[in-house]
Amino acid sequence: STQSTWGFSTNRVTMSKINSEFLRKSIEEILADAKTKNRGFLETVDLQIGLKDYDPQKDKRFSGTVRLPHVPRPRMAVCVLGDAVHMEQAQKLGVDCMDTDALKKLNKNKKLIKKLAKKYDAFLASEALIKQIPRLLGPGLNKAGKFPGLITHQDNLADKIAELKSQVKFQLKKVLCLGVAVGNVGMTDDQLRQNITMTINFLVSLLKKNWQNVRTLNIKSTMGAPKRIYG
């Protein structure tokens, strides 16, 4: 039941539940804290979501992907599972890549496949390879929620990777808490606000009862304290 929405509008109706002044202040505090503490790496800003009145056993588990206007995780690790054409393109871009032979060498070893899934944040796979992934790797990548996105020879690989880095993916598993990266502390207040607003609107659109299913919303940087923005 994947739902993909790209140009999701940040309409005010949906956001009226969140006090925009309060959101602005929370973002300012997070950025100021990151500056003063200077933790020596680019902290990610996460949106933490608590849901209510949802039964993951009974209710349809939702999933969806939204593309944000500003890349939340520029350093996101991507691996290309490629045919000859995509292997060459990936090597030129300095992006990690593996061909069929490299995947065969993993020999469906669960530990090695788990390690591969852990090493990268996301995968892209050539058309010729994507159909073979269940056979070559079993369900490992799927279980980790990292089944590869498709790339064709018509695609520009650099654009595809940029698109992937701009995406936020929601997938309800068995628990009622979700966390997604919506930005980083190198962004401006405005960029963060736009990303957060779009992410929340998209999430609410996926929920069965919209805002009635939202218990709490917090934003926090990797090492910072969470800031409650709703609930």
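User: Is Thr-216 buried or exposed?
Analyst: This is a predicted model, in which local features need pLDDT of at least 70, side-chain atom pairs count only at pLDDT 80 or more, and totals for chains, interfaces and linings use all residues. Residues are numbered from 1 along each chain as its sequence is written, and side-chain values use heavy atoms, with hydrogens and water left out. Buried means under 20% relative accessible area, exposed over 50%, and partly exposed in between (1.4 Å probe, protein chains only). Because its relative accessibility is 15%, Thr-216 counts as buried.

User: Which strand holds Thr-216?
Analyst: Helices (H or I, at least four residues) and strands (E, at least two) are DSSP runs, numbered from the N terminus. Thr-216 touches Gln-48, Ile-49, Gly-50, Arg-228, Tyr-230 and Gly-231, not counting residues up to four places away in sequence; contact means heavy atoms within 4.5 Å. The run that includes Thr-216 spans residues 214-221 and is strand β10.

User: How many salt bridges does a search of the whole structure find?
Analyst: Side chains of opposite charge can pair when their charged atoms come close. A salt bridge is a side-chain nitrogen of Lys or Arg within 4 Å of a carboxyl oxygen of Asp or Glu. With the whole structure searched, the number of salt bridges is 13.

User: How far apart are the closest N and O atoms of Glu-21 and Arg-24?
Analyst: Both residues lie in helix α2 (residues 20-37), three residues apart, about one turn of the helix. Glu-21 counts as partly exposed because its relative accessibility is 45%. In the salt bridge between Glu-21 and Arg-24, the closest N and O atoms are apart by 2.4 Å.

User: Which residue forms a salt bridge with Asp-121?
Analyst: The closest N and O atoms of this salt bridge are 2.9 Å apart, and Asp-121 pairs there with Arg-73. The pair links distant parts of the chain, 48 residues apart: Asp-121 is in the loop between α5 (110-119) and β6 (122-126), and the loop between β3 (63-67) and β4 (78-81) holds Arg-73.

User: Which helix holds both Lys-160 and Glu-163?
Analyst: The side chains of Lys-160 and Glu-163 meet in a salt bridge, at 3.9 Å from N to O. The two are three residues apart, about one turn, and both lie in helix α9 (residues 157-165).

User: Is Lys-174 buried or exposed?
Analyst: Lys-174 is placed in the loop between β8 (167-171) and β9 (177-184). Because its relative accessibility is 62%, Lys-174 counts as exposed.
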